[in-house]
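Please open the model in the viewer and keep the selection panel at hand.

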Amino acid sequence: MRDEDNNLSALQELIRSGEFRNSQELGKKTEGRVFDKRTLLHIYHLMKSLEISTIDFPIASGKESVVFRARMGKTNIAIKIYKMSTLKFNRVEQYISGDPRFEKERRDRSRIVYLWAKKEFANLTDLHSAGISAPAPIALKGNVLVMKYIGTGPSPAPLLKQYNPDPEDTYRQVRTILRDMYAKAKLVHADFSEYNLLYHRKKVFVIDVGQSVSLKHPGSLEFLKRDVKNITSYFMRMGVSASEDELLNFVIKNE
Ligand SMILES: Nc1ncnc2c1ncn2[C@@H]1O[C@H](COP(=O)(O)OP(=O)(O)OP(=O)(O)O)[C@@H](O)[C@H]1O
Ligand SMILES: [Mg+2]
């Protein structure tokens with residue numbers, strides 16, 4: 001038996017033995033799609049190298065990824081696993097070509113998921129270096145990304161969409177995030193909304209930055225305008241006096 005097969009059966013054993021508590025919640029179909037053989041190996045290697053003791057439960061399961069909470073020593077972490085089969089090539093292509101950091105990568109179908117994960121990891125790293133409120137990246141292997149967990153014990157932080165007790169204050173924080181992403185990290189989020197902002201201990205965190213692009217991307221200004229439009233309309237619905245033009249000026253010119 002090859003080493004890989006050994007590792008793989010050990011991981012499968014782990015899953016069966018209940019280390020993946022509540023994995024049945026994912027449903028058989030989803031589980032099958034997420035945990036193809038290569039993905040299992042990536043998880044296995046990360047568990048070994050980072051000394052991850054348990055993968056506790058899925059926080060969220062969407063079309064293109066599943067996010068788990070796990071334990072690394074005494075720390076809670078989040079593991080985002082990009083599904084190998086459902087990432088839409090055409091949807092992601094527009095955020096990759098045009099970004100000089102990733103343009104030269106081979107972009108055949110089987111590599112695109114890895115590239116997408118790599119892009120999210122690089123973006124999280126840039127956000128972190130710029131001091132922007134986002135989960136700190138920890139490790140990446142293939143389509144498996146490990147980052148800091150935002151939440152309290154078993155409760156992952158809610159999305160702003162779900163819980164926003166002080167819209168005036170969260171709007172101030174959100175403006176700063178958007179401006180610092182642009183001015184310090186030189187990135188445009190490109191899917192910025194109340195669905196990709198977490199609220200934790202009165203602080204807003206930005207997540208889901210796989211599609212975020214460098215300012216050098218030819219579409220970056222259009223993406224920024226779309227982000228500004230979406231978030232302004234959300235905060236206006238929350239009763240905050242917000243304006244697209246004002247926010248765009250604040251982000252671009254710091255006025
Ligand atoms: N670091 C984290 N800590 C706690 N919860 C997280 C973390 N990262 C992601 N989540 C949760 O997992 C969900 C999915 O994450 P994310 O938005 O990055 O993935 P996605 O595949 O783009 O999902 P969607 O298509 O639903 O936006 C988030 O809405 C959030 O609830
Ligand atoms: Mg999201």
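Two strands count as paired if DSSP finds at least two bridges between them; helices (H or I, at least four residues) and strands (E, at least two) are DSSP runs, numbered from the N terminus. This is a predicted model, in which local features need pLDDT of at least 70, side-chain atom pairs count only at pLDDT 80 or more, and totals for chains, interfaces and linings use all residues. Residues are numbered from 1 along each chain as its sequence is written.

First, select residues 197-200 and 203-206: these are strands β9 and β10, which pair in the antiparallel sense over four bridges. Leu197 has Val206 of β10 as its bridge partner. Two residues lie between the strands of this hairpin, and Arg201 adopts a positive phi near 45 degrees.

Next, select helix α7, residues 220-237. Its buried residues (under 20% relative accessible area, 1.4 Å probe, protein chains only) include Phe223, Leu224, Val228, Ile231 and Phe235. Seen down the axis of α7, the buried residues fall within an arc of 160 degrees (directions from the helix axis to the C-beta atoms), so they line one face of the helix. The face turned away from the buried side carries Glu222 and Arg237, both exposed (over 50%). After α7 comes Gly239, with a positive phi near 90 degrees.

Finally, select Ser65, Val67, Lys80, Ile207 and Asp208, which lie nearest the centre of the largest pocket among its 34 lining residues. A pocket is an open set of points on a 1 Å grid over the protein atoms alone where a 1.4 Å probe fits, with protein on both sides within 12 Å along at least five of seven lines; lining residues have an atom within 4 Å of a point.

Conventions
Chains are lettered from A and ligands numbered from 1 in the order in which they are written. Side-chain values use heavy atoms; hydrogens and water are left out. The expected span of a helix is 1.5 Å times one less than its number of residues.
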